[in-house]
Amino acid sequence: IAGAGNLNVSTQFLVDRDGTIYRLMPETTMGRHVIGLNHAAIGVENVGGTPETPLTQAQVEANIWLVRYLKSRYDIQYVIGHHEYTNFEDHELWLEKDAGY
């Protein structure tokens, strides 16, 4: 992360291994968690989620609850994972002003 610049990452929600959901910032505040889509995204990060520490069942259930909650409040059209953001590079939602990022 340090190689990407002096700014750090930020996200609206964090889901812990036991399924606890933490709101780190309001959904209406732009975070820095997904290249090109920060201005239009609500970020949800999970503790773990790697081959060594896969998501727990509690995290999966918490994520389902959180997506349903957010969908009830906002007109959410897409739910994507980190590895899918590049699929939006030619999409109307894409906005990245730093070509080197």
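Predicted model: local features only at pLDDT ≥ 70, side-chain atom pairs only at ≥ 80, totals over all residues.
**Notebook: aromatic pairs and a surface patch**

I searched the whole structure for aromatic pairs and got three. My cut-offs: rings of Phe, Tyr and Trp (its six-membered ring) pair if their centres lie within 6.5 Å, with planes under 30 degrees apart called stacked, over 60 edge-to-face and the rest tilted. Numbering runs from 1 along each chain as its sequence is written, and side-chain values use heavy atoms, leaving out hydrogens and water.

I looked at Tyr78 and Phe88 next: they pair edge-to-face, 5.1 Å centre to centre with 85° between the planes. Both sit in the segment after helix 1, 10 residues apart. Is Phe88 buried or exposed? Phe88 is buried at 9% relative accessible area (buried is under 20%, exposed over 50%, partly exposed in between; 1.4 Å probe, protein chains only). Tyr78 is partly exposed at 42%.

Then I checked Tyr85 and Trp94. Their ring centres are 6.3 Å apart and the planes are at 10°, so I logged the pair as stacked. Tyr85 comes out partly exposed at 22%, and Trp94 likewise counts as partly exposed, at 21%.

Last, the surface. I found a nonpolar patch of Leu55, Val60 and Ile64, with about 210 Å² of accessible area together (Shrake-Rupley method, 1.4 Å probe). Patch residues have over 30% relative accessible area and no salt bridge, and nonpolar side chains are joined within 5 Å; a salt bridge is a Lys or Arg side-chain nitrogen within 4 Å of an Asp or Glu carboxyl oxygen. Val60 is partly exposed at 32% and lies in helix 1, residues 57-73 (a helix is a DSSP run of H or I, at least four residues, numbered from the N terminus).

Key:
Patch = residues over 30% accessible without salt bridge, like charges linked within 9 Å, V, L, I, M, F, W, Y side chains within 5 Å. Helix = DSSP H or I, 4+ residues; strand = E, 2+ residues; numbered from the N terminus.
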